[in-house]
Amino acid sequence: MDYFCSPPYYGNNMQESILDLIIIALTVWRVSSIIAYEEFAFGLATKLRKFLGVRSVYDIDEEGNRILVELESHQQETMLARGITCIYCVSFWVAIALTGLLYIIPDIIFIYNMIAVGALAIAVNKIING
């Protein structure tokens, strides 16, 4: 008797299952990165973090201009602010949410594929351009 059932998005063979796992992992990394420390489109992620209590301070760049900088995770005042700026914390919860969502809506893997391709493009760009 099989006590474990595989979710409907997994492929029929081991190679497809490993590819699905890589796609999910890249998607979790990309979404977690956006939530934890990126601006994202129109500054939406920055606004979300500010709404959730993430503190920022002004700093001076090399040219003498004032720039707004978010404090590091360990410098945040509240537990929520520390958690939302910690990539390790965020990725745990994002992994649970995205994997659970696959059980509910198996066809969402299509969207995960697009996010994973974007994550790979960013990784390649960082490797090539440093």
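Tutor: Let us start with how residues are sorted: Ala, Val, Leu, Ile, Met, Phe, Trp, Tyr, Cys and Pro count as nonpolar, Asp, Glu, Lys and Arg as charged, and the others, Gly among them, as polar. By that sorting, the lining of the largest pocket holds 6 nonpolar, 4 polar and 6 charged residues. This is a predicted model, where local features need pLDDT of at least 70 and side-chain atom pairs count only at pLDDT 80 or more, while totals for chains, interfaces and linings use all residues. Residues are numbered from 1 along each chain as its sequence is written, and side-chain values use heavy atoms, with hydrogens and water left out.

Now to the pocket itself. On a 1 Å grid over the protein atoms alone, a pocket is an open set of points where a 1.4 Å probe fits, with protein on both sides within 12 Å along at least five of seven lines, and lining residues have an atom within 4 Å of a point. The largest pocket has a volume of about 360 Å³, a volume being the space filled by probe spheres set on the points, which are joined across faces, edges and corners. Its lining has 16 residues, and Tyr-37, Arg-49, Ser-56, Val-69 and Glu-70 lie nearest the centre.

Which elements take part? Helices (DSSP runs of H or I, at least four residues) and strands (runs of E, at least two) are numbered from the N terminus. At least two lining residues come from each of α1 (14-37), α2 (44-51) and β2 (66-70), with α2 giving the most, 4 residues.

Strand β2 has a partner: β1 (residues 56-60) runs antiparallel to β2, joined by 5 bridges, and strands pair if DSSP finds at least two bridges between them. Across this pair, Val-57 stands opposite Val-69. The two strands form a hairpin with 5 residues between them, and Gly-64 in the turn has a positive phi of about 90°.

Val-54 counts as buried because its relative accessible area is 6%, and buried means under 20% (1.4 Å probe, protein chains only). Leaving out residues up to four places away in sequence, Val-54 touches Arg-49, Glu-70, Gln-76, Ala-81, Ile-84 and Thr-85, where contact means heavy atoms within 4.5 Å. Two of these names, Arg-49 and Glu-70, are also among the residues nearest the pocket centre.

Terms used
Buried < 20%, exposed > 50% of the residue type's maximum accessible area, 1.4 Å probe, protein only.
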